[in-house]
Amino acid sequence: MQVGLHSKNKQLQKFLVQVAGDESEDKYVRNIARGILDSNLEKNCLKTLETIKKRFFNQEEAEQITDLALLGFTGNKEALSFLQSIKTNSKIVDEQRNIAILQIKKGLSYIISLYKSNDHRFSVRGLREALYASVKSDLVKEVILNDLFADDSETLMDTTTIIRYDPNFDYNLITIKEINRLFEIIQSDYPSEIKENCVAILAKFKADRTIKDRLYDIYINKRYLYKNNLMNKLKYMDVKNILKEVVEK
């Protein structure tokens with residue numbers, strides 16, 4: 001899907017529209033497809049605003065939150081009247097609307113400062129949605145990389161997923177410090193999906209013989225299991241499979 005950011009191919013754009021609207025597709029993949037489509041609109045903030053206005057009230061909560069985060073990212077002051085007019089019984093949609101208003105009025109740096117300070121006016125989830133919609137910003141990429149060093153699974157799931165899948169994330173920003181952390185996560189007691197993300201990210205660097213050798217060592221010696229027992233062998237089967245695919249190519 002990444003080529004869709006710059007492609008004018010109508011068939012590719014049609015494919016992205018289909019993925020974005022397919023309810024049977026993975027939620028995160030749908031949002032990535034929508035993000036690419038919206039990125040192609042973002043140079044024209046008014047067009048983006050009109051597009052969101054037309055679809056907003058016919059969407060599920062998750063899609064509404066994605067659109068609100070996008071409006072905050074555009075910084076379009078003409079979106080304020082629309083944002084302020086939104087009436088909803090959903091606390092999380094209402095929160096995302098308020099964050100978007102703040103981002104338009106005070107800027108992305110202010111949202112980052114709230115996120116770093118654990119400001120209790122807003123949930124971490126709401127602030128993170130705003131940041132991830134602004135992933136093109138180097139400041140946000142820095143926050144995402146810093147989150148790799150968190151201990152909780154929710155943060156690690158979010159940050160490894162955005163690094164792995166978002167086409168706007170620049171892998172050149174990943175240094176040996178982050179690479180070592182990814183290896184550490186793979187060998188620790190975290191959910192399978194997080195470890196799979198880490199392996200997929202490290203696979204981007206497998207041209208580096210040292211990194212590929214380290215992945216091979218983890219695969220052969222089953223270091224991804226954390227504890228070598230039957231339960232973990234079943235739990236981390238998908239991690240084993242993605243490791244095998246990476247080291248055998």
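Modeller: Let's start with lysine 222, which is partly exposed at a relative accessible area of 37% (buried is under 20%, exposed over 50%, partly exposed in between, with a 1.4 Å probe and protein chains only). Lysine 222 sits in the loop between α13 (209-220) and α14 (230-235), helices here being DSSP runs of H or I with at least four residues, numbered from the N terminus. Most residues other than glycine have a negative phi.

Tyrosine 226 belongs to the loop between α13 and α14 too, and its phi is also positive, about 70°, though it's no glycine either. The relative accessible area of tyrosine 226 is 44%, so it counts as partly exposed.

Bear in mind that this is a predicted model, where local features need pLDDT of at least 70, side-chain atom pairs count only at 80 or more, and totals for chains, interfaces and linings use all residues. Numbering runs from 1 along each chain as its sequence is written, and side-chain values use heavy atoms, without hydrogens or water.

Helix α11 (residues 176-186) has the highest confidence, at 98, while helix α1 (residues 10-21) has the lowest, at a mean of 55. Over residues 1-10, pLDDT stays under 50.

Technical notes. pLDDT = per-residue confidence, 0-100. Helix = DSSP H or I, 4+ residues; strand = E, 2+ residues; numbered from the N terminus. Contact = heavy atoms within 4.5 Å.
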